[in-house]
Amino acid sequence: MTLLIDNDDVRAVLSMRACIDALEAAFREYATGRAVNRPRSHTYTDLGGGRHYLFKSMDGSLAGAGVHALRLTSDLTLESGGNGRSRREKIPAAPGGRYVGLVLLFDIATLVPLAILHDGELQRIRVGATSALAARHLARPGARIAGVVGAGWQAAAQIAGLREVFDLEDVLVYAPTRDKLERFAREHDATPVDSAREAIEGADVVALATNAYDPVLDASWLEPGQHVGSVQGHELDAATLERADLVVVRSREEATFHFAPGHAPRAAAEWRRLDRISPTRVVELGEVVTRAAGRRSEGEISLFTGGGTGASSGLGIQFAAVAQVVYEAARRAGRGRELPTDWFTQEEKP
């Protein structure tokens, strides 16, 4: 049987700790050459008015786990700007005001799909767990204060991940909408502050988790020894990339963008090339996890960043690792809906 696993099932069976552990194993396998990854691919169709239909996919294999995963999303994006700030939002344009995103998990021995999973909750925890994994290996020992910019679903996962790997005394959080900020702070036992600078100053670990297409920090605010994690590279100013003593990415492989001539969205037109950052300072997370690279002194500023800096953000191998954990846990818990596997196999040679 093939399991259909929805977001409620994922919430019921996936813990932040299990996600972090699975991702650490996947990045070790990637660093040692046993994992295979295809970088993220974006195909945009310009619909006018800043709107684009976006089909996005990535996939990867983990030989040790015996699985391959394909993650895909079918999105409507809207790029907008005002008051000197630019943003990109995903619009829930599917029937009923919903989104479309799936992970297909395959058994590489029998070829069959083991599971089809909704990707929303899995994606949220995956991002927070990856940032936490990087912070665990890059931040100074004994980190106690976290500074967070953002008050959305990604910011919540960042806090949950950091609390899993550090014994935090306080989390300082900033977002521009005060009501939303205070509600978020109450929900996540954090301290609301009046500016991004106030959240960052004095923090051991900084987490940027916004959908802003303009920088949300100034490099001059950073202090020696801090570790900075960024969900997407547009949040960062160029000076932060220059000031960081160590820049860590998931993979040096670049994402690809496809669109009709003259119809590039900002996400593609403003993509920064990784080779413009000094290659002596850019390493992959797998190299950090295997201790081939890392912090050389307590005074260094380390930066872990994803999309928007010319390197891959989400990797297919990450979805393979986390989807397998969810699949195994769902089977044990009796979660998910069973679909006949022979629906997905055929006698005819494809």
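# Notebook: salt bridges, helices and sheet

I looked up Asp8 and found it partly exposed, because its relative accessibility is 46%. The model I am reading is a predicted one.

**Entry 1**

I asked which residue Asp8 forms a salt bridge with. The partner is Arg11, and the closest N and O atoms are 2.8 Å apart. I noted that both residues belong to helix H1 (residues 7–13) and sit three residues apart, about one turn of the helix. In an α-helix there are 3.6 residues a turn, so residues three or four places apart point the same way. Arg11 also counts as partly exposed, at 46% relative accessibility.

I then found a salt bridge between Arg11 and Glu121, with 3.4 Å between the closest N and O atoms. Glu121 is in helix H3 and Arg11 in helix H1, so this pair ties together parts that are 110 residues apart in sequence. Glu121 is buried, its relative accessible area being 10%.

**Entry 2. From H2 to H3**

I looked next at Glu24 and Arg136, whose side chains meet in a salt bridge at 2.4 Å, N to O. Because Glu24 lies in helix H2 and Arg136 in helix H3, the pair ties together parts that are 112 residues apart in sequence. I recorded Glu24 as buried, with a relative accessible area of 12%. Arg136 is partly exposed, at 28% relative accessibility. I also noted one network, in which salt bridges with shared partners join Asp8, Arg11, Glu121 and Arg124. My search of the whole structure gave 20 salt bridges.

**Entry 3. The helices themselves**

I checked the length of helix H2 (residues 16–31). Its 16 residues should span 22 Å at 1.5 Å a residue, and the end C-alpha atoms are 22 Å apart, which agrees. I listed the buried residues of H2, among them Met16, Cys19, Leu23, Phe27 and Tyr30. Glu24 and Glu29 are also on that list. Just after H2, I found Gly33 with a positive phi of about 85°.

I ran the same check on helix H3 (residues 120–138). Its 19 residues should span 27 Å at 1.5 Å a residue, and its end C-alpha atoms are 27 Å apart, which agrees. How many residues of H3 are buried? I counted 16 of the 19, so H3 is largely enclosed by the rest of the structure.

**Entry 4. The parallel sheet**

I traced an open sheet of eight strands with parallel pairing, in the order S10-S9-S8-S11-S12-S16-S13-S15. The edge strands are S10 (191–192) and S15, each of which pairs on one side only. Strands of a sheet pair through backbone hydrogen bonds, either parallel or antiparallel.

I looked at strand S8 (residues 145–149) and strand S9 (residues 170–174), which run parallel and are joined by five bridges. Val148 stands opposite Val173 in S9.

At strand S13 (residues 246–249) I asked which way the side chains point. Leu246 and Val248 point one way, Val247 and Val249 the other way, and all are buried. S13 is joined by three bridges to strand S16 (residues 302–304), and the two run parallel. S13 also pairs in the parallel sense with strand S15 (residues 282–284), again over three bridges. I noted Val247 for its partners: Leu303 in S16 and Val282 in S15.

**Entry 5. One aromatic pair**

I searched the whole structure for aromatic pairs and found one. The ring centres of Tyr44 and Phe257 are 6.5 Å apart and the planes are at 10°, so the pair is stacked. Tyr44 is in strand S2 (residues 35–48) and Phe257 in strand S14 (residues 256–258), so the pair ties together parts that are 213 residues apart in sequence.

**Entry 6. Strand S3 and the surface**

I placed Tyr53 in strand S3 (residues 51–62). Tyr53 counts as partly exposed because its relative accessibility is 32%. I found that Leu47, Tyr53 and Phe55 make a nonpolar surface patch of about 240 Å². Arg51 also lies in S3 and is partly exposed, with a relative accessible area of 36%. Last, I took the separation of the C-alpha atoms of Arg51 and Ser41, which are 10 residues apart along the chain, and got 18 Å.

Methods. Residues numbered from 1 in each chain as written. Predicted model: local features only at pLDDT ≥ 70, side-chain atom pairs only at ≥ 80, totals over all residues. Heavy atoms only, no water. Patch = residues over 30% accessible without salt bridge, like charges linked within 9 Å, V, L, I, M, F, W, Y side chains within 5 Å. Areas by Shrake-Rupley, 256 points an atom, 1.4 Å probe, with all protein chains shown as cover. Salt bridge = Lys/Arg side-chain N within 4 Å of Asp/Glu carboxyl O. Helix = DSSP H or I, 4+ residues; strand = E, 2+ residues; numbered from the N terminus. Buried < 20%, exposed > 50% of the residue type's maximum accessible area, 1.4 Å probe, protein only. Expected span 1.5 Å × (residues − 1). Pairing = 2+ DSSP bridges. Phe/Tyr/Trp six-rings, centres within 6.5 Å; stacked < 30°, edge-to-face > 60°.
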